[in-house]
Amino acid sequence: MIGGDGSTGFHLAAMAGERLSFAGAVVLVKASAETTAGAFAIIEEVDPLDTPLHVHANEDELFYVIEGEHVFQVGDDEFPSGPGAVVFAPRQVPHAHRRVVPRTGRFLTMVSPAGFERFFRELSTAESAGGAGPDAYERVSKKYGITWLG
């Protein structure tokens with residue numbers, strides 16, 4: 001667990017957080033259900049991958065671009081986004097993300113309510129145990145209400 005318990009404040013230095021890796025991606029959990037009393041989570045993609053079209057059943061996502069050029073698709077709209085841009089993807093609306101230059105750029109994802117960070121934890125744990133194949137992705141996606149469309 002990082003930071004406090006949701007009833008106290010906490011501080012993280014730059015590049016600090018719970019480091020999770022899977023499928024060649026690295027993310028830092030900057031705030032979690034445990035540290036925000038379930039209000040929201042913030043995840044920073046440090047070594048990023050593109051995300052195919054999918055739908056969240058349970059949470060809204062807000063993306064804040066830190067570095068690089070990105071294209072977010074939300075519903076039928078595409079949003080080219082550079083540093084400082086904000087993109088909102090409400091639950092139940094299909095969305096995707098790609099980088100203009102593959103494997104470059106960073107952004108923060110704020111998820112509300114919190115809990116989706118556990119999706120990344122489970123994939124990271126499965127990969128560490130040698131079992132992050134398609135079955136693990138399907139199981140974890142179903143558990144966290146993610147439907148992959150693309």
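**The chain and its salt bridges**

Tutor: The chain has three helices and eleven strands; helices (H or I, at least four residues) and strands (E, at least two) are DSSP runs, numbered from the N terminus. This is a predicted model, in which local features need pLDDT of at least 70 and side-chain atom pairs count only at pLDDT 80 or more, while totals for chains, interfaces and linings use all residues. Residues are numbered from 1 along each chain as its sequence is written, and side-chain values use heavy atoms, with hydrogens and water left out.

Read from the N terminus, the order of elements is β-β-α-β-β-β-β-β-β-β-β-α-α-β. The radius of gyration of the chain is 15 Å, close to the 15 Å from the globule rule for 150 residues, so the chain is as compact as a globular protein of that length. That radius is taken over C-alpha atoms, and the rule is 2.2 Å times the number of residues to the power 0.38. Along the principal axes, the C-alpha atoms fill a box of roughly 40 × 35 × 25 Å. Of the 150 residues, 42% count as buried; buried means under 20% relative accessible area, exposed over 50%, and partly exposed in between (1.4 Å probe, protein chains only).

Now the charges. The chain has 12 positive and 20 negative charges, and their mean positions are 4 Å apart. Lys and Arg count as positive and Asp and Glu as negative, with His and the chain ends not counted; the place of a charge is NZ of Lys, CZ of Arg, CG of Asp or CD of Glu. Side chains of opposite charge can pair when their charged atoms come close. A salt bridge is a side-chain nitrogen of Lys or Arg within 4 Å of a carboxyl oxygen of Asp or Glu, and by this rule the count comes to eleven.

One of them joins Glu 34 and Arg 121, at 3.3 Å from N to O. Glu 34 belongs to helix H1 (residues 33–36) and Arg 121 to helix H2 (residues 117–128), so this pair ties together parts that are 87 residues apart in sequence. Glu 34 is partly exposed, at a relative accessible area of 27%, whereas Arg 121 counts as buried at 18%. Both residues also take part in a network of salt bridges that links Glu 18, Glu 34, Arg 118 and Arg 121.

Another salt bridge is formed by Glu 45 and Arg 99, whose closest N and O atoms are 3.1 Å apart. Here the pair links distant parts of the chain, with Glu 45 in strand E3 (residues 41–47) and Arg 99 in strand E9 (residues 95–99), 54 residues apart. Glu 45 is buried, with a relative accessible area of 14%, and Arg 99 is buried too, at 3%.

Arg 106 and Glu 67 also meet through their side chains in a salt bridge, at 3.3 Å from N to O. Arg 106 is in strand E10 (residues 106–112) and Glu 67 in strand E5 (residues 60–67), so the pair ties together parts that are 39 residues apart in sequence. Arg 106 is buried, with 19% relative accessible area, while Glu 67 is partly exposed at 39%.
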